[in-house]
Amino acid sequence: MKNTIHRKRAGFNALLMAAVLLLSAMLPLPAVQAAPNELVQAALGIDVSRYQGTINWDQVAASGVQFAMIRVGFRTQATGVLNEDPYARYNLQEAQRVGLKVGAYFFSAAVNEAEAVEEAVFTANLLDKYRITFPVAYDCEGFRNTTSRQYSLGKDVRTALAVRFLDTIAARGYTPMFYASRNEMTDSRDWNMDILNRYKVWVAQYPSEPFPLTPASTYTGVQAMWQYTQKAAIPGIAGEVDMNVSYFNYDGFAEAKDVNGAPVVSAGNAANVQYIDVNEVVTPNTKVNLRTAPGTEDPATIVVPINPGDMVFRTGIGNNGWSRVLLNGQVLYAYTQYLQKVM
């Protein structure tokens, strides 16, 4: 029976699903304020990013997965450049299409409150076009590495930055959640949990025998979700993926905050586009449209035209002929040949 859920790809076994049902009957009331449609009920989910490549979401849904936490973006730890996860829109679109409940997370490397707010606004702007039912999480890792721009930050500063992100997410109408490892949170070693416990907490701990063979995390603090393995094998996903059990669920689905919805993204575009990270100001050499997606097929992607002399911040140059730019905290795209660097 050892590590069975790591190896089987034919769907969840009866033991796993029975364990979730048992958990649902045993769960205490939530420690934080519950949403009106929130249920005290366990659910199984995955969290994914570009590292899972192109996912067959129909197979994922058929396997028994109930929710997905999808990485929206990240800030580079060395340079601080803000990036959208190249698979974010495709994963949000497809997880929503197959009927999974969807949440999200952002990988932060903020070093001040302005950057933490920028990350939260970036996240919310992208999510507004999708049906986000599960929480939106703040994920900050690697700050003990000497190469990280967060290396010199202390616990109190890191906690304050997390609070600014989470409060901004809450103000945009999403349920905030804080993610960290068990060791980082235990006895508030790296984060002030007396403050962060006012949000939902997502704990990462990987026992040698994952859930349900290990029924719960050994973290003794308040927790709403447990990431119990990095090595789950799920139909529709090549390689390994993180697996989670939440101690809450929702009755029904949220609606997108932007009623216009998102333009359709193809798997091919998500899989093949790569960006070289840059950090520079550019201006167009002719009138050019800034779009929500790299491509001219859909006029609905046009947000605003810019003219020579207008300046935007470029964060990436793609191998598809498009540049990734930031305008008022929103990630947009413009055709690279029409942009020139401001000296």
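A residue is called buried when its relative accessible area is under 20%, exposed when that area is over 50%, and partly exposed in between. In this predicted model, Arg 75 has a relative accessibility of 3% and therefore counts as buried, whereas Glu 118, at 29%, counts as partly exposed.

**Salt bridges**

The model contains 21 salt bridges. One of them joins Glu 118 to Arg 75, with 2.8 Å between the closest N and O atoms; this pair links distant parts of the chain, since Glu 118 belongs to helix H5 (residues 113–127) and Arg 75 to strand S3 (residues 67–75), 43 residues apart. Both residues also take part in a network of salt bridges that includes Glu 115, Glu 119 and Arg 149.

Three of the pairs are listed here.

| Salt bridge | Closest N and O atoms |
|---|---|
| Glu 118 and Arg 75 | 2.8 Å |
| Lys 129 and Asp 258 | 2.8 Å |
| Lys 341 and Glu 280 | 3.8 Å |

Lys 129 forms its salt bridge with Asp 258, and this pair spans 129 residues, from the loop between H5 and strand S6 (136–139) to the loop between strand S11 (249–250) and helix H9 (267–272). Because its relative accessible area is 18%, Lys 129 is buried. Lys 341 pairs with Glu 280, which brings together strand S18 (residues 339–341) and strand S12 across 61 residues of chain; Glu 280, with a relative accessible area of 12%, is buried.

**Asp 277 and its surroundings**

Asp 277 also lies in strand S12, which runs over residues 275–284, and at 38% relative accessibility this residue is partly exposed. Leaving aside neighbours within four places in sequence, Asp 277 is in contact with Thr 76, Asn 83, Thr 315, Gly 316 and Arg 324, and with the side chain of Arg 324 its own side chain makes a polar contact of 3.2 Å. The C-alpha atom of Asp 277 is separated by 7.3 Å from that of Val 81, although the two residues are 196 residues apart along the chain.

**A buried loop residue and a surface patch**

Gln 52 sits in the loop between strand S2 (43–48) and helix H3 (57–63), and is buried, with a relative accessible area of 13%. A polar atom of the Gln 52 side chain lies 3.5 Å from the backbone oxygen of Glu 240, and beyond four places in sequence Gln 52 touches Asp 47, Ile 237, Glu 240 and Val 241.

Met 311, by contrast, is exposed at 53% relative accessibility; this residue occupies the loop between strand S14 (302–306) and strand S15 (312–318). Together with Val 281 and Val 342, Met 311 forms a nonpolar surface patch with about 230 Å² of accessible area.

Methods: Residues numbered from 1 in each chain as written. Predicted model: local features only at pLDDT ≥ 70, side-chain atom pairs only at ≥ 80, totals over all residues. Heavy atoms only, no water. Helix = DSSP H or I, 4+ residues; strand = E, 2+ residues; numbered from the N terminus. Buried < 20%, exposed > 50% of the residue type's maximum accessible area, 1.4 Å probe, protein only. Contact = heavy atoms within 4.5 Å. Polar contact = N/O pair within 3.5 Å; in protein donor to acceptor, adjacent residues only side chain to side chain. Patch = residues over 30% accessible without salt bridge, like charges linked within 9 Å, V, L, I, M, F, W, Y side chains within 5 Å. Areas by Shrake-Rupley, 256 points an atom, 1.4 Å probe, with all protein chains shown as cover. Salt bridge = Lys/Arg side-chain N within 4 Å of Asp/Glu carboxyl O.
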